[in-house]
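Below are some notes on helix packing and on the aromatic side chains. Please read them with the structure open.

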Amino acid sequence: MAKITLSNIGHSYNKDKDQSTWALKPLDMVWESGKTYALLGPSGCGKTTILNTISGLVTPYQGRLLFDDQDVTDVPTAQRNIAQVFQFPTIYRSMSVFENLSFPLVCRGWKADKIKARVHEIAEILEITDKLGRSAVKLGADEKQLISLGRGLVRDDVSALLMDEPLTVIDPQSKFELRKKIKAINKINNLTVIYVTHDQYEAMTFADELLVMSFGEVIQRGTPEQLFEKPNSKYVGNFIGSPAMNFLPVQVQSNEILFGSTKLKTNNASGDVKGKSIEVGIRPEYITLAKGAGENVIEAELLGHDDLGSVRVLKCVSGGSPVSVKIARSEGLPADKKLFLKLPSEKSWLYQDGRLI
Amino acid sequence: MYKVLKATFITVWSLFVLFPIMWAITTSFKPESAVVNGATFIPFLEFQPSLIGWKAILPGPDSITNLMTPTLNSLIVTAGATAISLIFGSLAAYGLSRFTYGWKNYSNADIIFFFVSQRIMPPVVLAIPFFLLLKQLKLLDTHLGLILVLTSGLMPIVVWLMVDFFNALPREIDEMAMLEGCNPIQAFFRTILPLSKPGLTVAGMFCVIFGWNDVFFALTLTATKVLTLPVAVIALNGTVTPYWILAASTVFSIIPLVGLAFVIERFLSRGSLGGAVR
């Protein structure tokens, strides 16, 4: 386990001078020892590049990488002692399950009896003891992935465990089980884990901290709660949460925020905002149905709804802008098409040019 | 209708292809009377099989020529050239598949083409240079000399086949091995090579076939000490040797390749050639 520091690390695969095209734009970042981080973002946003930079599969175009206080930028992958799980299960097909799990230890020159004990210990946790003698090729995708994971865990001294969308190829039922096992193992070993995913639920259930990325940049870093409650940009508001955050275009006139003709109050409201493209953002979870007009209440027309089991998402439109409202199933559907929506001011945030003010 | 046509075609073609071999095999078992008095085809009916041809080429009291030493020479030369080509060829191919080399505008693709271009050149162009080179190195008429020359022709085949094979193996395997503490050479020998048996088998088969059948370099670069089997068989033809002895020696010289083909065919059909890596 180690504290991992990225110091001004940036990478361009085609060595372009123009930084705007880089796969990873220069960034400074510290990953604390023993914590679990999730890297979240759409495909091609630089998540895997960060992982490969840490593990040494990619040598960054610029910047330094430190494990604790030691500069490892030029240390070869084999000596960095990183465990990495790839998106697709990577197993050594010519070996049995046992040989697969013991491979990292054999590479380290461990003694046979010590290897056996350690492999059985890990197999026990992963619940694959009965499959140790089998050929690794004949296993299902989820079991193969479990072995990839196991190979990362048999070493008791890894600097960090990096997981690159490890559950993508796993079918939904096994996903739940596997996720549970990964969590259990993280707890036991107290590893520094960096977990790449594009699934926000996965990220939120796993991680102590989330990093949302876009086009090679980290847009926001924080706990799942921070990202949900106070997204620092429209991008994060849209990316985290389902359905996405509502954004209502507003005008600021003489220290008042006006949505159409309705006056709105926001948590970060300062009326002295100037300029254009100002919006009020609010989570669909926090909008409530009001009986009639009042403070921070807007009028809307109900267009339809999605049934999500215990909750319903009302699809509304107000002043030409779409608004989603999440209500409990027990509340029932409103009888009238015309709704009054209460936007609590402590949950409303003012954004300009897509950024939180 | 299609099936009938297909079966007919295959039958006719097989007969066409197999006939010379059948003819050689039957002739090798014919006594003198069955050869000189017009064509005979069916053993026991048209002629009484005899071992006179085989006795002449195999060691024993009736032996008229020694094919055992040439066989041994051929084995040494073929095995040596094949082994060197496979070891260095697959290492080169692995490098070309996984790493990027370059100098100015030249890169991996050009290096691969450079290798393959060795096969484009007709061997006769190389005969005199090789002769002079081996003479300088005092390797004329030695096993090592012939092995080195054959290797120069076999290595391109191995590189060319194995680059494609390694490209088809996912990079994640060697990346994973490196993450788990192997250097690139260890990653190659411990994880990639065990997966490459099918590719190495095919490449090795080509090497053995080309190496075993080589007449040209064996004829020009060796004299008496390293006489290989094909050269020895041709030499028999040069002296006035009866047809049944010629036929027996020809059949004898292809037996190792046919045997190898059967062994390898069983290995390949066991299904490890499939591409399912994940």
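1. In chain B, helix α4 (residues 68-98) packs against helix α10 (residues 197-213) at an angle of about 140°, and the axes are 9 Å apart. The crossing of α4(B) and α10(B) is right-handed. Note that this is a predicted model.

2. On the α4(B) side the contact is made by B:Thr71, B:Ser74, B:Leu75, B:Thr78, B:Thr82, B:Ser85, B:Leu86 and B:Ser90. The α10(B) side contributes B:Leu200, B:Ala203, B:Gly204, B:Cys207, B:Val208, B:Gly211 and B:Trp212. Of the residues in the contact of α4(B) with α10(B), seven are nonpolar, eight polar and none charged.

3. Over all chains, the whole structure holds 23 aromatic pairs. One of them joins A:Tyr92 and A:Phe103, a tilted pair with 4.6 Å centre to centre and 50° between the planes. A:Tyr92 lies in the loop between β6 (82-85) and α3 (97-107) of chain A, and A:Phe103 in helix α3 of chain A, so the pair ties together parts 11 residues apart in sequence. A:Tyr92 and A:Phe103 are both buried.

4. B:Phe165 and B:Phe166 form an edge-to-face pair, at 6.4 Å centre to centre and 75° between the planes. B:Phe166 has a relative accessible area of 0% and is therefore buried. B:Phe165 and B:Phe166 belong to one aromatic cluster with B:Tyr94, B:Phe99, B:Phe188 and B:Phe189.

5. Charged ends also sit over rings in chain B. That of B:Lys30 is over the ring of B:Trp23, 4.0 Å from its centre. That of B:Arg119 is over the ring of B:Phe210, 4.9 Å from its centre.

Definitions and conventions:
Residues numbered from 1 in each chain as written. Chains lettered and ligands numbered in written order. Predicted model: local features only at pLDDT ≥ 70, side-chain atom pairs only at ≥ 80, totals over all residues. Heavy atoms only, no water. Axes fitted to C-alpha atoms, helices over the stretch in contact; angles between N-to-C directions. Helix = DSSP H or I, 4+ residues; strand = E, 2+ residues; numbered from the N terminus. Left-handed = near helix turned anticlockwise from the far one by under 90°. Contact = heavy atoms within 4.5 Å. Nonpolar A, V, L, I, M, F, W, Y, C, P; charged D, E, K, R; others polar. Phe/Tyr/Trp six-rings, centres within 6.5 Å; stacked < 30°, edge-to-face > 60°. Buried < 20%, exposed > 50% of the residue type's maximum accessible area, 1.4 Å probe, protein only. Lys NZ or Arg CZ within 6 Å of the ring centre and 35° of its normal.
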